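Have a look at the sequence and structure first, then read on.

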Protein chains: 4
Amino acid sequence: MIITFKYDTPKQEIENLSKELVNQGFGINYLPGEKLNIMGIVGDTSKVDIKRIKAIDWVKDVTRIQAPYKLANRMFHQEDTIVDVSGIKIGGNKIVVIAGPCSVEGQEILDEIAVDVAKSGAVMLRGGAYKPRSSPYAFQGMQTKGIECLTNSSIKTGLPIVSELMSIDKIDEFVKYVDVIQIGARNMQNFDLLKVVGKTKKPILLKRGLANTIEEWIMSAEYIMAEGNPNVILCERGIRTFEKYTRNTLDLTVIPIIKERTHLPIIIDPSHATGDYKYVEAVSLAAIAAGADGLMIEVHNNPECAFSDGDQSLKPERFDTLMTKARAIANVVGREI
Amino acid sequence: MIITFKYDTPKQEIENLSKELVNQGFGINYLPGEKLNIMGIVGDTSKVDIKRIKAIDWVKDVTRIQAPYKLANRMFHQEDTIVDVSGIKIGGNKIVVIAGPCSVEGQEILDEIAVDVAKSGAVMLRGGAYKPRSSPYAFQGMQTKGIECLTNSSIKTGLPIVSELMSIDKIDEFVKYVDVIQIGARNMQNFDLLKVVGKTKKPILLKRGLANTIEEWIMSAEYIMAEGNPNVILCERGIRTFEKYTRNTLDLTVIPIIKERTHLPIIIDPSHATGDYKYVEAVSLAAIAAGADGLMIEVHNNPECAFSDGDQSLKPERFDTLMTKARAIANVVGREI
Amino acid sequence: MIITFKYDTPKQEIENLSKELVNQGFGINYLPGEKLNIMGIVGDTSKVDIKRIKAIDWVKDVTRIQAPYKLANRMFHQEDTIVDVSGIKIGGNKIVVIAGPCSVEGQEILDEIAVDVAKSGAVMLRGGAYKPRSSPYAFQGMQTKGIECLTNSSIKTGLPIVSELMSIDKIDEFVKYVDVIQIGARNMQNFDLLKVVGKTKKPILLKRGLANTIEEWIMSAEYIMAEGNPNVILCERGIRTFEKYTRNTLDLTVIPIIKERTHLPIIIDPSHATGDYKYVEAVSLAAIAAGADGLMIEVHNNPECAFSDGDQSLKPERFDTLMTKARAIANVVGREI
Amino acid sequence: MIITFKYDTPKQEIENLSKELVNQGFGINYLPGEKLNIMGIVGDTSKVDIKRIKAIDWVKDVTRIQAPYKLANRMFHQEDTIVDVSGIKIGGNKIVVIAGPCSVEGQEILDEIAVDVAKSGAVMLRGGAYKPRSSPYAFQGMQTKGIECLTNSSIKTGLPIVSELMSIDKIDEFVKYVDVIQIGARNMQNFDLLKVVGKTKKPILLKRGLANTIEEWIMSAEYIMAEGNPNVILCERGIRTFEKYTRNTLDLTVIPIIKERTHLPIIIDPSHATGDYKYVEAVSLAAIAAGADGLMIEVHNNPECAFSDGDQSLKPERFDTLMTKARAIANVVGREI
């Protein structure tokens, strides 16, 4: 960590802070300049509160050199983390495709979709039982009934299920019935929720927040890991920008960045990222070419009647075409689907 | 609501949708064009799911004309809402200033700050007992102890208290002890939390999310109101942009927009918006000149030792100067502090 | 185009506007609603000034249904445009790779790089002779000397050259010596520059602006085409967002969108998009998988000594590896490099 | 400047760079850490190319401590710069209001507006003769005829004129006839244009770019100043964000920031910032309360017929009301209009 002092800072002020930091166990190296004075702090600075130091009148700026995350940091954990979901490995050589409707809408329709996506090669079933909707007047999900439908479909098809947990009071239900607990974009910094899922051993699919930096996203993974749960899967789903032709702007550069900085698996959700089924195939192939460990895709056999996000759902035939192409790309980059 | 169809849409398709909408009670007006065909939907379209219609292959675009909020909409509720907090009116002629430390750190220090800010003219005390921190290693707040400190300070000074609720399992504590329940920026779309506070009659201070549009923010107010609680105070605290010299970008234009579109009071948090105590005074005065109903400002008597956000806290003397100037501006725009 | 009037708009006002528009040759369809009144305008509305209509007191909103571009619009020009650069076709089945240093720094070094990239499969040479730099103290390019070096390298290797034109007074030099004239991101809305290159018949590589929407980008292509030059190649190079781990956020979804809405070729610049050579390969492969017509990549044989953008330049060996992988992906998506 | 090396960097590598920098006249202070090694560079680093150093394989990061601007930097120039426009001082105690139509549309209408705004207290006349329009089909300005109209109005009313220069080939016309040369947001990084106006002694009104950081904006001022022209007036006009209810997001915090970091005057353009006449008054008053040195406001006596930006233009009566209120706020903050 680097502290920059104003050039007219009294020596006494610098010495005071220096002593305080040495007492906390840090090494100090002081570097007076022409117009500014610089102090380097050596040691594990991940727990130092930058804002407290910035509040000192003589301090001009504070710069963190080390990343503020440790458990998720590849620097301290070289091998890739592979998350095991009932025998399916996420983060290994095989690319994992999760598919299903945005919302669970009923048993029959869910079963049909599950059978369809499994036939095309999906290995997990997604479906929202509790739905975060920006309008209180929109369909809020089938809730417990929806979890039951997912469980039934899972039994019939053998596909493990992924569903979003929105509130801490449903944690027991999710631990019991859901294979991968999803934390949605809007809850990426719902820290109480992160702590609660961190106390389980369940695989957690952590979506990137609408307007969160990669660093904040990794810090939210760190929250889960700090509670004792190492089974975190990161999921990019697009960020909010000024562009209006797409629902969000998909940031695929996160793939090599996450691989470089962390040891966690990273998957891509092209449906929420683009918000339009017509663009889903192109960016899905792109994600695999860029090294993604998986995809999570919305599929619906009758999108016009979907209770939510119908405009971004693929029909099963289109999903099947996508899978064929995805498989070919995966082979070229030395992986399988 | 306007639906645009591709120009080669079969008549039958358009008639089908038309019939369906008429059956739902809407009026329809069809408008064939040269290259596009347009259908206007007349009636209360706030509950129509746009995405479902967009999923129809022949549909090119759907545009909502009416705002999707009703209870918060000034169109249906002309008079200003005035929220009463133990006799203090928010949204009336008097501008309300809320001040206090970012985090509650102990009884003594809180009492001192409370006395100081009250002396300068603050009429409510803010303080975080539960703290949303991006790092799991940062101070997470004094929690229940913090709420106790706030209650004690409130008794001593007579100032009602504002504190942030982060999780639904603390709702009883907040209803019992806290005068204004704050929903933080990161929880603006934590819909379960919104529903829970909507079921109380407590005044709710709803912060705008980091990257949420004004419309989404009003929709979150609508969530609270739809549960039966009309006591919503909106609070702008800056949005996330590419700019790096400030913590967030304060959007003061929201003041006339909120006044035009809704009947709810709007206050400004200059501390989180700028992230730097040096800029707090300038933007506080600006907020009052633009018509804000209040300010929420971080004050600490020893910012260098603050447990959080020390860099954006004012010392009591600076706060006092600010209040003197703010009072003068308020008078010029026909209001009082 | 749809005009929404306030519900209490006097009939006379609506009739006046209606008449004016009919006189201008538009068809009108009026649709009174409960709370709002809607008017649909039928005809070629691309030249109607929305803001002028919005200025009418009774008008609540105006929505454009038709895209504001015509020459670039696929609706009016179904076949793909293929731009010919000295026999190299951009926009056809073959994917075109352009490579070279950020800045031209001298003849010898440029020749070396040109030979290297040609060996690996690049078919055009890029290099900046005039450099847009945010600091007046940074290297501003070799200018005319740089263009000479490019021309010499082109003669030796047979590679056509791409270079950025920053100012209208250099147009003759560029028309004479440069094969593809690049309009940089910062000049995407330098309309005088667009008009000047529109008056030539040269292929124009039009970069997307830092913070420009896809629609504005297409409108800038329209500027060039409206002057008579149909040879426009679009180039995405990342947009500005809040994310700080990358120089820009690369928006690959533009590829299917540009293909859907326009008939112009689209290439990707992964070097400026990511700002870090370590991420260039991953996103280059992604771009090809998503359907890009080409790549423009910075290559330098000694990035540590590059006069500009050394951190995002690939060494020739890394570029060679990238090309091998890119070729494999291209084959899978039915194309060649 | 701080360079961070990877922890396993060979000593020889660090020594080599160290020597090179010492040879360039910098002081070096080396600081080995546990996981990272840090090197501090002391001296005037404003001309060091960060990216070149980042390109070194062993370098993890480079952080600039000193601001990259010098001539605009208050650190080296304590007193406020006051720009003199025919006797009108911008940056002093008096707040300067510039008003007029978006585009010049004819002599008579311009004269009327000029007389009206002068009566209300505006001291300069604005009007676009050359117009940057995103559509090639939109009105492009009266051009030289427009400059003539402005000159005539100026003679009649005594108001100096402000107009936007879009292209270097019109510089002579502007130097001869225009009192303040405006560089528009889209040209903030048109470096050739900046250099050309930097070679004159004219007052330059430099608008902040749509998506440019404050630092880049100051660097563009530095471009002008580095050519010898110290007469730069900065103008904030809103930045591009995800918000859709306003044309741009006005960033008023720039006022105290510009005052702290530079010695240049700063004015606000509420018309382009909000894009809606209804919000102009509120944010104008806010700007003055926050310490702005001036306002630039669009006024039109018949906005419905304005050739451009009618929706954001004030009618003269509304402008007059605004001025009365603005004067009262100015007095409270110790200034005059």
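**Domains and interfaces of a predicted model**

Chain A is divided into domain 1 (2-63) and domain 2 (74-332), with bounds that come from an automatic or database domain assignment. The C-alpha centres of domain 1 of chain A and domain 2 of chain A lie 43 Å apart. This is a predicted model, in which local features need pLDDT of at least 70 and side-chain atom pairs count only at pLDDT 80 or more, while totals for chains, interfaces and linings use all residues; side-chain values use heavy atoms, with hydrogens and water left out. Residues are numbered from 1 along each chain as its sequence is written, and chains are lettered from A and ligands numbered from 1 in the order in which they are written.

**Symmetry of chains A and B**

- Chain A is superposed on chain B by a rotation of 180° with 0.0 Å of shift along its axis, at an RMSD of 0.0 Å (least squares on the C-alpha atoms of residues with pLDDT of at least 70 in both copies).
- The two copies are therefore related as by a two-fold rotation axis.
- In chain A, the C-alpha nearest that axis belongs to A:A211, at 2.9 Å.
- Both copies use the same surface, as 100% of the contact residues of chain A recur in chain B.

**Where chain A meets chain B**

- This contact takes 51 residues from chain A and 51 residues from chain B, where contact means heavy atoms within 4.5 Å.
- Between them, chain A and chain B bury about 4500 Å², 50% of it on carbon and sulfur atoms; buried area is the accessible area (1.4 Å probe) that two parts lose on being put together, summed over both.
- The side chains of A:R240 and B:E216 meet in a salt bridge, at 2.6 Å from N to O.
- On the side of chain A that touches chain B, the elements giving two or more residues are α2 (50-54), α6 (191-198) and α7 (214-226) of chain A; helices are DSSP runs (H or I, at least four residues), numbered from the N terminus.
- With five residues, α7(A) gives the most to that side.
- The residues of that side divide into 20 nonpolar, 11 polar and 20 charged (Ala, Val, Leu, Ile, Met, Phe, Trp, Tyr, Cys and Pro count as nonpolar, Asp, Glu, Lys and Arg as charged, and the others, Gly among them, as polar).

**Where chain B meets chain D**

- Here 37 residues of chain B are in contact with 37 residues of chain D.
- Chain B and chain D bury about 3100 Å² between them, and 72% of it is on carbon and sulfur atoms.
- B:F242, B:Y245 and B:Y279 supply 23% of the area that chain B buries against chain D, more than any other three residues.
- Four salt bridges are found by the rule across the interface of chain B and chain D.
- A salt bridge joins the side chains of B:E260 and D:K278 (3.6 Å, N to O).
- The elements that give two or more residues to the side of chain B that touches chain D are α7 (214-226), α8 (254-261), α10 (277-289) and α11 (316-332) of chain B.
- The largest share of that side, seven residues, comes from α10(B).
- By class, the side of chain B that touches chain D has 22 nonpolar, seven polar and eight charged residues.
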